[in-house]
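User: I'd like to learn how to read a few features of a model like this one. Could you walk me through them?

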Amino acid sequence: MSGFSGMGAWLLQRLTAVYLVVFTVWAGIRLALADPWSYAAWSGWLGEPVNAALAWLFGVSLLAHAWVGGRDVLIDYIHPLGLRLALLSLLAGWLLGSGLVFTALVVSA
Amino acid sequence: MADWQPLRFMQAPGPKAGRMRFSVYRFDPEGDAGPGTQEYVLDDLTPDMMLLDALLRIKEQDETLGFRRSCGEGVCGSDAMNINGRNGLACITRLGELVEPVKLRPLPGIPVIRDLIVDMDNFYRQYREVEPWLQAREAQPEVERFQLPEERERLDGLYECILCGCCSAACPSYWWNPDRFLGPAALLQAARFIEDSRDEACDKRLDQLDDAYKLFRCHSIMNCVDVCPKGLNPTEAIERIRKRMLRNST
Ligand code: SF4
Ligand code: SF4
Ligand code: FES
């Protein structure tokens, strides 16, 4: 595998997609079945370390998935190298920033 | 009973032919006028005639019209063009299938040399880039290199390509990145050798394709499958390459 641009990126996109679907369905069902149907029950469930870790992984997967997709769009359509690098950096910075904020939220919760 | 046609029931519906109108893209690199279209009208056509027959008749009227053709029977791949918005071979397209005026354009996304003739240099360069020949380290054996019937079957749907370019010129990914994305035609050829049991360079071939552009600009849009005049499926060939890459990388 040469770096992370070809098969690697493609694989990351598929794996994160699978995890996003699985976690969404699973967490959706768990939260819908919460008894009582309340904020306290939900935050309690999400506060359990394992669930928090899985939720964190969901966030990271979402960002990684967005990275591969956004990068694909930019490679397809933006050809001037400078502009492309600028937009790619912007996207990377935004996604990394979101990741850090999200991580901080999960850790502090 | 001038239009008594005993075999009428065997013909697809369409214009009763006779007279047909054509609107053809014209560009003369030496002239001062930019690209434009020219109208032609032909008489005494029948629905079973091929578009190439009509083009040859037009050429009798106007010998300045440029287009490529050779075999006249869908084998050489030289008369690929955009026919009423869809890429195909003029020599195997029946006039009876076409709505009027028949709009003829050069293959889209490929530089025009003149009229319907496009510059296929980049397309052939990409064909060469996948090293479309059998690579085996072993010396030439005394007899043929044997293949099991199953191994031979894996090449069906891959070896029949005539390199007409209809598929690549219909692929949006190829329009955006013609210089770095290899396009469906070259990738189908890559698959033809990757799948060959006698070829020993499979890993090297897979490695060469593993970057952001050569193969992975394909987003499975399947325009290529839609237009291939030989009924081949480049999307599936690309999928087969991906599967092998996946197996190799895990
Ligand atoms: S795959 Fe089909 S459309 Fe593409 S070059 Fe080969 S024959 Fe032509
Ligand atoms: S399937 Fe791939 S190669 Fe075929 S038209 Fe779509 S993007 Fe192009
Ligand atoms: S002339 Fe050879 S394919 Fe049409």
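This is a predicted model: local features need pLDDT of at least 70, side-chain atom pairs count only at pLDDT 80 or more; totals for chains, interfaces and linings use all residues.

Analyst: Happy to. Let's begin with charge pairing. Side chains of opposite charge can pair when their charged atoms come close. Here, two salt bridges are counted between chain B and chain A.

User: Which residue forms a salt bridge with Asp76(A), and how far apart are the closest N and O atoms?

Analyst: That's Arg217(B), with 2.9 Å between the closest N and O atoms. Over all chains, the count comes to 21 salt bridges. The Arg217(B) to Asp76(A) pair crosses between chains: Arg217(B) sits in the loop between helix H6 (202-209) and helix H7 (223-227) of chain B, and Asp76(A) is in helix H3 of chain A.

User: And how do I size up the interface of chain B and chain A as a whole?

Analyst: Start with who touches whom, then look at area. On the contact side, 14 residues of chain B meet 14 residues of chain A. Together the two chains bury about 1,400 Å², with 55% of that on carbon and sulfur atoms. In chain B, the residues losing the most area to chain A are Trp176(B), Asp210(B) and Arg217(B), which together make up 35% of what that side buries.

User: What about empty space?

Analyst: Rolling a probe the size of a water molecule over the atoms shows where empty space is left. Take the second largest pocket, which holds about 230 Å³ of space. Its lining includes Leu12(A), Trp56(A), Trp67(A), Leu96(A) and Thr103(A). Helix H3 (49-77) and helix H4 (81-108) of chain A are the elements giving two or more residues to that lining.

User: Which element gives the most to the lining, and how do the lining residues divide?

Analyst: H4(A) gives the most, with six residues. The lining divides into ten nonpolar, two polar and no charged residues.

User: Last one: how should I read backbone angles?

Analyst: Most residues other than glycine have a negative phi, and most peptide bonds are trans. Asp44(B), in strand E2 (residues 36-45) of chain B, has a positive phi of about 60° without being a glycine. Then there's the cis peptide bond joining Glu100(B) and Pro101(B), with omega about -10°. Pro101(B) lies in the loop between strand E4 (86-89) and strand E5 (102-105) of chain B.

Key. Residues are numbered from 1 along each chain as its sequence is written. Chains are lettered from A and ligands numbered from 1 in the order in which they are written. Side-chain values use heavy atoms; hydrogens and water are left out. Contact means heavy atoms within 4.5 Å. Buried area is the accessible area (1.4 Å probe) that two parts lose on being put together, summed over both. A salt bridge is a side-chain nitrogen of Lys or Arg within 4 Å of a carboxyl oxygen of Asp or Glu. On a 1 Å grid over the protein atoms alone, a cavity is a set of points where a 1.4 Å probe fits but cannot get out, and a pocket is an open set with protein on both sides within 12 Å along at least five of seven lines; lining residues have an atom within 4 Å of a point. Grid points are joined across faces, edges and corners, and a volume is the space filled by probe spheres set on the points. Helices (H or I, at least four residues) and strands (E, at least two) are DSSP runs, numbered from the N terminus. Ala, Val, Leu, Ile, Met, Phe, Trp, Tyr, Cys and Pro count as nonpolar, Asp, Glu, Lys and Arg as charged, and the others, Gly among them, as polar.
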